Amino acid sequence: METSTLHKIKQKAERWFEPSQLNKGRVLEVRHWEPSTVIEIDLHLPNADMYQWTEIPYIKFKVETFTYRDYSPSGWDAETRTCTLFIDAAHKGVGTNWARNLKKDDEVSYLKIGTSHHAPEITPAIISLGDESSLGHMLALQQMVLPAARFSGAVLMADEHHRDFFNQYFPASIQTVARHDVYGHHSLIKWVTDQNYSLENTMFYLAGNNMMVSQLRRMLRLQGYSSGQIKAKGFWS
């Protein structure tokens, strides 16, 4: 009874407070990477001024009543106001449920578009490192780096089919790395160590689960990179 009453209160509050604050968009297409633990969603966001996206943005989507999740758009076209989300759906949660239930022509709502404060520095080498949860963030960074030859990196992917799919259809500048530990930091640390990156004129952009990001940052500092050469964004614990 109490749960039912609370639900009714939330629904009433939603009708009164949320509509005037939320922007709307439309789902153009949904692609599930089999097994369906990565979901690729094309969106049209008519109110989004993508010409202003000079840093990697995030969009705060409504995924449930009074519940929001931040996702990084990539592959945006400012003229058509379209972009793509990559949702890591390997775990349970309201964001995963929202993404799994989306279909073509559905309406989506979002509260705001913010910035991650990540933008490519003027340096010869931009190195992006992440996991499935930061795939959109990494592809957004890759889109912003000019000339493109400055950009390279690696993304952790647990599923072999996902790695094959990514290698076939996505930029060769991002290599896939098999995940051999829970958070993936051991796998990525080995990959980075094998690259022998220069200590000078190199910027690292780390994004993904907090354990991986913190351990990668620690490893890079031990190798001699300064804190100014490392930009980090943790997404989940």
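User: A polar contact is a pair of N or O atoms within 3.5 Å; within protein, one must be able to donate a hydrogen and the other to accept it, and residues adjacent in sequence count only if both atoms are side-chain atoms. Which side chain does the side chain of Asp 42 make one with?

Analyst: The partner is the side chain of Arg 31, at 2.9 Å. The model is predicted: local features need pLDDT of at least 70 and side-chain atom pairs pLDDT 80 or more, while totals for chains, interfaces and linings use all residues. Residues are numbered from 1 along each chain as its sequence is written, and side-chain values use heavy atoms, without hydrogens and water.

User: Is Asp 42 buried or exposed?

Analyst: Asp 42 has 16% relative accessibility, so it counts as buried (under 20% relative accessible area; exposed is over 50%, partly exposed in between, with a 1.4 Å probe and protein chains only). Asp 42 sits in strand S2. Helices (H or I, at least four residues) and strands (E, at least two) are DSSP runs numbered from the N terminus.

User: What else is Asp 42 in contact with?

Analyst: Neighbours within four places in sequence aside, Asp 42 is in contact (heavy atoms within 4.5 Å) with Arg 26, Val 27, Leu 28, Glu 29, Arg 31, Cys 83 and Thr 84.

User: Moving on to H4. Which residues are buried there?

Analyst: Helix H4 covers residues 160-169, and His 162, Arg 163 and Phe 166 are buried in it. Seen down the axis, these residues fall within an arc of 100° (taken from the directions from the helix axis to the C-beta atoms), so they line one face of H4.

User: And what does the face turned away from the buried side carry?

Analyst: That face of H4 carries the exposed residues His 161, Gln 168 and Tyr 169. On the buried side, the cover includes strands S1 (23-33), S2 (38-44), S9 (151-157) and S10 (174-178), along with helix H3 (135-144).

User: What caps the N-terminal end of H4?

Analyst: Asp 159 does, with a side-chain oxygen 2.9 Å from the backbone nitrogen of His 161.

User: OK, H2. Where do its buried residues lie around the axis?

Analyst: Gly 95, Thr 96, Trp 98 and Ala 99 are the buried residues of H2, which runs over residues 94-101. They cover an arc of only 160° around the axis, so they are on the same side of H2. They pack against S2, S3 (57-64), S4 (67-71), S6 (82-88) and S7 (107-115).

User: What do the buried residues of H5 pack against?

Analyst: They pack against strand S8 (125-130), S9, S10 and H6. The residues in question are His 185, Ser 187, Leu 188, Ile 189, Trp 191 and Val 192. After H5 comes Asn 196, with a positive phi near 55°.

User: Which peptide bonds are cis?

Analyst: One joins Glu 34 and Pro 35, with omega about -5°. Another runs from Leu 146 to Pro 147, with omega near -10°. Pro 35 is in the loop between S1 and S2, and Pro 147 is in the loop between H3 and S9. Most residues other than glycine have a negative phi, and most peptide bonds are trans.

User: Where is Phe 66 found?

Analyst: Phe 66 is in the loop between S3 and S4. Its phi is positive, about 55°, although it is not a glycine. At a relative accessible area of 37%, Phe 66 is partly exposed.

User: How about His 117: buried or exposed?

Analyst: His 117 is exposed, with a relative accessible area of 56%. Its place is the loop between S7 and S8, and its phi is positive at about 65°.
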